[in-house]
Structure formats: structure tokens, C-alpha cells
Protein chains: 2
Amino acid sequence: MLLTLQAELQLIEEVLVAEGAPQARAEVQAHWLAEADLRGRHSHGIQRLPVIVERMRRGHIDPGAEPAVSWSSPAAARVDGRRGFGPHVGSVAMLAASERAHETGVALAAVHDANHLGIMAPYAELAADAGLIGLALTTSEALVHPWGGVPAMLGTNPLAIAVPATPDPFVLDMATSAVSMGLVLAHLHRGEPLDEGWALDADGRPTTNPAAVRAISPFGGAKGYGLALAIELLVAATTGTALGAAVTGTLDVETVCTKGDLFLCVDTAALGAPDMVASLSSYLDELRSTPAQPGTDGVAIPGDHARERRRRSLEVGIELPDAVWEQIEALRSEAGTAA
Amino acid sequence: MLLTLQAELQLIEEVLVAEGAPQARAEVQAHWLAEADLRGRHSHGIQRLPVIVERMRRGHIDPGAEPAVSWSSPAAARVDGRRGFGPHVGSVAMLAASERAHETGVALAAVHDANHLGIMAPYAELAADAGLIGLALTTSEALVHPWGGVPAMLGTNPLAIAVPATPDPFVLDMATSAVSMGLVLAHLHRGEPLDEGWALDADGRPTTNPAAVRAISPFGGAKGYGLALAIELLVAATTGTALGAAVTGTLDVETVCTKGDLFLCVDTAALGAPDMVASLSSYLDELRSTPAQPGTDGVAIPGDHARERRRRSLEVGIELPDAVWEQIEALRSEAGTAA
């Protein structure tokens with residue numbers, strides 16, 4: 001199935017509104033899912049809609065909730081997401097930090113009780129669009145084993161960092177796991193072995209058999225583990241949310257969402273730094289044009305591939321697997337919104 | 001040669017004072033070098049003293065310089081290091097951010113024109129000692145190739161993150177390179193091959209021959225590269241300092257130091273977050289006691305090994321290779337401080 005962006009947005013909005021979401025909230029949630037599909041990040045795209053709808057039906061998502069932003073100190077806000085949609089709460093939090101950073105130089109917003117954020121890059125991009133450095137961190141269900149340990153005790157704990165540059169910002173968006181559970185499952189469904197280093201089995205032995213996987217490995221060995229753990233702690237310490245196996249509600253439909261989200265913005269102009277956009281941009285261009293390592297496609301700047309993929313999707317449409325499309329059609333019928 | 005901490009501190013202080021450093025500045029610099037040696041991080045220990053002294057003689061280090069801290073906005077300071085010792089400027093900057101964060105919730109200090117910071121963990125620990133989250137980033141000479149590229153265009157760009165916990169804080173201190181150039185050189189001197197994945201030769205081919213190394217690889221493949229590049233950009237954008245090959249003066253004696261340093265503190269109490277120290281500490285204990293992966297020593301919490309090594313060094317003394325000791329003795333004679 002090939003969808004235009006407009007068709008995907010309308011479809012998601014119709015379903016969410018039929019399930020009780022205010023139109024404005026449905027639009028933000030639809031935008032976040034569609035952005036993931038546009039960039040080829042289908043694991044965070046429209047295929048999440050059935051879980052979102054079921055969580056609305058069970059009361060784990062309050063579709064009309066307005067987050068409460070409390071500035072208990074001049075540069076740091078605590079944000080109660082009140083079980084609202086992740087993208088609405090997250091973008092309110094990032095914009096609040098971004099506006100405040102114009103005055104204070106740096107500002108952060110620490111979010112609890114919001115639902116799944118979805119794709120992380122657009123939050124950091126909100127800051128970059130305002131000429132600021134943006135950073136977004138979030139915790140997630142324990143799927144990753146600590147380095148040297150067997151059971152999964154860490155989230156895939158992604159981070160996004162955007163730094164303004166021309167013509168486009170630097171946008172890093174990465175999980176701290178070697179791979180996503182979605183990729184492991186895709187290999188399982190296709191009957192293909194995993195790469196070495198992706199995962200452990202129940203005895204803690206590295207495995208390439210997707211059916212035997214009990215925990216995903218952190219990326220980058222002990223250092224990647226250190227970073228994943230730092231994110232687990234930074235988010236919990238600033239938001240007062242759950243840790244390790246107590247993090248629930250971003251993949252399942254059974255429980256409220258207990259993870260946290262941390263957004264941080266820096267206004268380098270307010271800080272008094274010289275304008276570095278031209279220097280950063282020419283350094284990034286220098287990197288793009290460095291001699292390629294034999295056997296590789298050369299150097300990519302984080303954000304470039306996603307931007308190119310997005311541009312192509314806007315031209316040719318968003319391709320969805322039949323299985324995903326059937327689930328969405330079933331949702332539409334249930335919601336009484338089928339054409 | 002086996003030194004007590006007291007002997008190492010006194011030795012460094014005597015040399016630095018003889019070279020024109022005020023006693024108080026010499027003490028901070030000595031503390032930072034000795035902390036590295038205590039923790040077994042000898043590449044950042046007393047063996048750096050000859051380069052520091054030569055940089056003082058050439059005017060690249062102004063040993064009496066007092067950094068200028070400018071709060072151009074309430075939560076963000078620009079710090080002019082005025083060619084001072086890295087540890088003095090860095091600790092002034094971190095303490096300034098830390099004091100300010102008590103009022104503003106989050107605060108940062110962006111440093112230009114300071115010399116080499118040395119070991120990073122103690123800066124983050126300064127924040128943790130005050131009950132705050134601390135983060136320290138710095139850039140360094142281009143020794144690391146971008147993922148997919150041949151030449152070295154990124155620093156080893158280390159980061160340190162400390163989060164308060166009991167009985168000891170979480171303290172991550174890691175470079176974003178696979179290994180340090182010091183380790184490559186140590187293999188060269190011992191005639192031992194490198195591990196796979198550490199470095200590239202002049203043609204961009206992975207090499208295990210230490211003599212053929214032209215660039216160190218980032219840790220963790222494309223993701224580690226993304227993080228190394230993010231640090232390069234974050235530091236330059238906030239401090240107005242150099243990028244890539246234009247970063248000089250942390251290893252050499254020829255040039256002024258053009259890198260930058262970024263320090264950030266978060267006061268979770270000012271932010272209004274619940275006190276999470278007990279939860280974080282019990283989660284860390286849970287990690288420490290998880291079943292070990294077969295063939296490993298089990299799970300370590302970042303900071304634990306360094307703390308244990310430090311404790312042992314305080315008991316048995318700091319062991320220095322003869323070659324390092326001879327260099328230090330030569331410096332003492334030159335400085336006229338030999339006993």
C-alpha cells in the first residue's frame with residue numbers, strides 16, 4: 001500500500017478523533033507517526049496506531065490532557081504530562097524550554113506521566129528551528145542487558161541532539177541499544193539470523209538466533225552501556241520516573257506509562273558565544289567530502305539520510321506493508337470512519 | 001618507582017612553582033595529575049608534566065591567569081580561561097555552574113582559552129559532591145576518523161557524567177574514540193598488535209599494526225561517531241572554539257590551546273523533582289548483583305573501578321614507569337628543586 005502524507009495524516013486523525021481525541025491533539029499525534037514513516041522509521045510510524053487506540057480505550061492515554069508546566073526555578077521546569085499523548089506533551093515541553101532558553105541561556109523541561117514520544121529527532125529539530133541547540137532523552141522498557149550481565153535491565157534509551165547549521169541542522173537520533181527489538185522481530189519473521197553482537201540468549205550467551213533472544217546488547221560495548229545507563233539515571237533523577245524493569249507502558253496496552261522524558265535547549269546567542277553557524281556548516285561540508293573508506297559509502301552527517309529519505313517519500317509516497325495496512329483498515333472500520 | 005600521593009603532589013607543586021606558578025594554582029594542577037595516576041589513568045598523570053612545563057616556558061600557559069566568568073544570561077556563563085591551567089579554569093567554571101544551578105535549576109559554563117583539562121571525572125564529581133548532576137565535555141586534537149571516512153577529523157572528545165547516589169555517585173568518564181592514542185603507542189613500544197576495530201591505516205583500511213595507524217576509530221561504529229561529532233559541535237557552538245584539525249595545543253608544545261570545554265549542572269531539588277537518590281542507588285545495587293554473563297567479571301557501575309583503584313593506590317602507592325620517573329627527575333634538576 002502506497003499512501004501520500006496527506007492521506008496518512010487524515011487517516012490517523014479520523015481514527016483518533018473517532019476515539020475521542022480533540023482535533024488539534026489528533027493532528028500532533030498524526031504528524032509524529034507520519035514523520036517516522038516519511039523517514040523510513042516505520043517501527044515508530046502508523047503501525048503504532050492500534051496500540052495507541054487500545055491505550056486510549058483503557059484510559060492509559062487521556063487524549064484531551066493538557067500538560068502542566070511548573071517553573072519551580074528560572075531555567076528548569078517540571079512537566080506533568082497527565083497521561084496525554086507523548087508528542088503533544090513532548091512538543092509543549094520542548095517549546096517551553098526553547099522559549100525560556102532565549103532568556104536564561106540554557107533551560108530544561110523534565111516530563112513525567114506522558115505517553116510514548118515516538119520518533120525523537122523532531123523534538124530536537126523544534127529547538128534547531130528556533131536557532132537553538134536541542135537535546136531530548138527518554139527512557140523505555142528494559143530490553144537491554146548491562147555490559148557483563150545477563151538480564152535486560154536498561155531501556156533502549158534513545159537520545160536526539162540537534163545543532164543549528166546551514167542549509168540543514170545536524171540531527172543525531174539514536175537508541176543506545178545495538179539494534180531495536182523491532183529489527184530482531186523482523187529477522188524472526190523472515191527466518192534470518194541476527195548479526196553478531198546484537199543480542200544474548202537466556203543464558204547470557206551471544207546469539208544470532210532471533211527466537212532465542214532474551215536481551216538486546218547495548219551499542220558500543222562497555223562505553224555504550226555506560227551511556228545507556230547515564231540516560232536511564234539522568235531521566236529518572238530529573239523527572240522522578242521509573243527505572244529498569246519498572247518502566248512500562250510504551251509498548252504494552254496493560255499499564256500506565258511510567259517512563260520519563262528530558263528536554264534541554266541552549267541559546268548560544270544569549271550565552272554570548274560568537275555566531276558559529278558558518279564555521280560549523282563548513283566543517284560539516286568538509287566531513288561530507290572526506291575521502292571514503294574503501295568499501296563504504298563515505299561519511300554521512302547525522303540527519304542527512306533521514307532528510308533525503310523524507311524528501312523521496314514526499315515525492316513517491318509512503319509504502320506500508322499489507323499487514324500494517326490491514327490492521328489500520330480494521331481500526332477504521334471499528335471507528336466507523338472507513339470511506 | 002613507587003610514590004605516595006603526598007610525594008607526587010609535592011614534586012609537581014615544586015616544579016610548577018619553580019617555573020613561576022603561584023602555589024595555589026600549582027596545587028590544583030598537581031591534584032588533577034595525581035588523581036589520574038591514583039586511578040590508573042597514567043596517560044593523564046604526572047607524565048604530562050614535561051609538556052605542561054614546556055608550554056609554560058613558551059607562554060602558552062599563563063600559570064597565574066584568573067579566568068573571567070561572564071553571566072550574559074541568568075543560567076549560562078561564558079568563561080575566558082586566559083590561557084590558564086586547564087584544571088584551575090575547569091574547576092572554577094564547574095563550581096560557578098554548580099552554584100548557579102542551585103538558583104536556576106540548570107546552569108552551564110562554556111570555556112574558551114583554557115589549557116588541557118586532564119582527567120574529566122573530577123569535574124563531574126565536583127557537581128555530584130554538591131548534590132547535583134554534573135556533565136563535562138571537551139574537544140581535543142583530531143585523532144579520530146569519521147565513520148566511513150579515512151582522515152582523522154574528530155577529537156577523542158571525552159565526556160564525563162556524574163549523578164548523585166549512595167554510597168558513591170555514578171561517574172561515567174569516557175572518550176568517544178575506541179581507544180586512546182596512548183594505548184596505540186604503548187602497543188607500538190611493546191611490539192604488540194592492536195585489537196581489530198581500533199584504527200585505520202593511511203589508505204583507510206582497518207589495521208592491527210600500531211606503526212601503520214593514521215587515525216583511531218570512534219567507539220561503537222556509526223553511533224559512536226555520531227556522538228563524537230555531536231560533542232565536537234556542542235562544544236564549538238557554545239564556546240566559539242575550533243573544530244576538527246584546527247584544534248591544537250593539548251598534546252603539543254608549539255601552539256596555544258584552541259579547544260573548548262562545556263560544563264553543565266542540574267539541581268534536581270531546585271527543579272522540583274522528588275528525591276530519587278534512594279531509588280537510583282538501589283537500582284545501581286541491583287545492577288551490580290545481576291547474574292554475570294559467562295566469561296565476564298559481571299556488571300560494573302561506571303566509577304566503581306576507578307574508585308577501587310584509587311583506594312588501592314592510596315594504600316600501596318602510585319607506580320610510575322622508570323622512563324617517566326627519569327623525565328620528572330630531569331625536570332626537577334632543571335628547576336633546581338631536586339632534594
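Visitor: Do the copies meet through the same surface or through different ones?
Guide: This is a predicted model: local features need pLDDT of at least 70, side-chain atom pairs count only at pLDDT 80 or more, totals for chains, interfaces and linings use all residues, and side-chain values use heavy atoms, without hydrogens and water. Residues are numbered from 1 along each chain as its sequence is written, with chains lettered from A and ligands numbered from 1 in the order in which they are written. Contact means heavy atoms within 4.5 Å. Of the interface residues of chain A, 100% are also interface residues in chain B, so the copies meet through the same surface.

Visitor: How much area do chain A and chain B bury between them?
Guide: Buried area is the accessible area (1.4 Å probe) that two parts lose on being put together, summed over both. Each side brings residues to the contact, 83 from chain A and 83 from chain B. Carbon and sulfur atoms carry 75% of the buried area, which is about 6100 Å².

Visitor: How many salt bridges are there between chain A and chain B?
Guide: The criterion is a side-chain nitrogen of Lys or Arg within 4 Å of a carboxyl oxygen of Asp or Glu. Between chain A and chain B the count is zero.

Visitor: Which residues touch the most other members of the largest nonpolar core?
Guide: A nonpolar core joins buried Ala, Val, Leu, Ile, Met, Phe, Trp, Tyr and Cys residues through side-chain atoms within 4.5 Å. Buried means under 20% relative accessible area, exposed over 50%, partly exposed in between (1.4 Å probe, protein chains only). Beyond four places in sequence, A:L229 touches A:L154 and also chain B residues, including B:F170 and B:Y283. Of the 98 core residues, those touching the most other members are A:F170, A:L229, B:F170 and B:L229.

Visitor: Is B:A242 buried or exposed?
Guide: Leaving aside neighbours within four places in sequence, B:A242 contacts B:A236, B:V247 and B:T258. Its relative accessibility is 16%, so B:A242 counts as buried.
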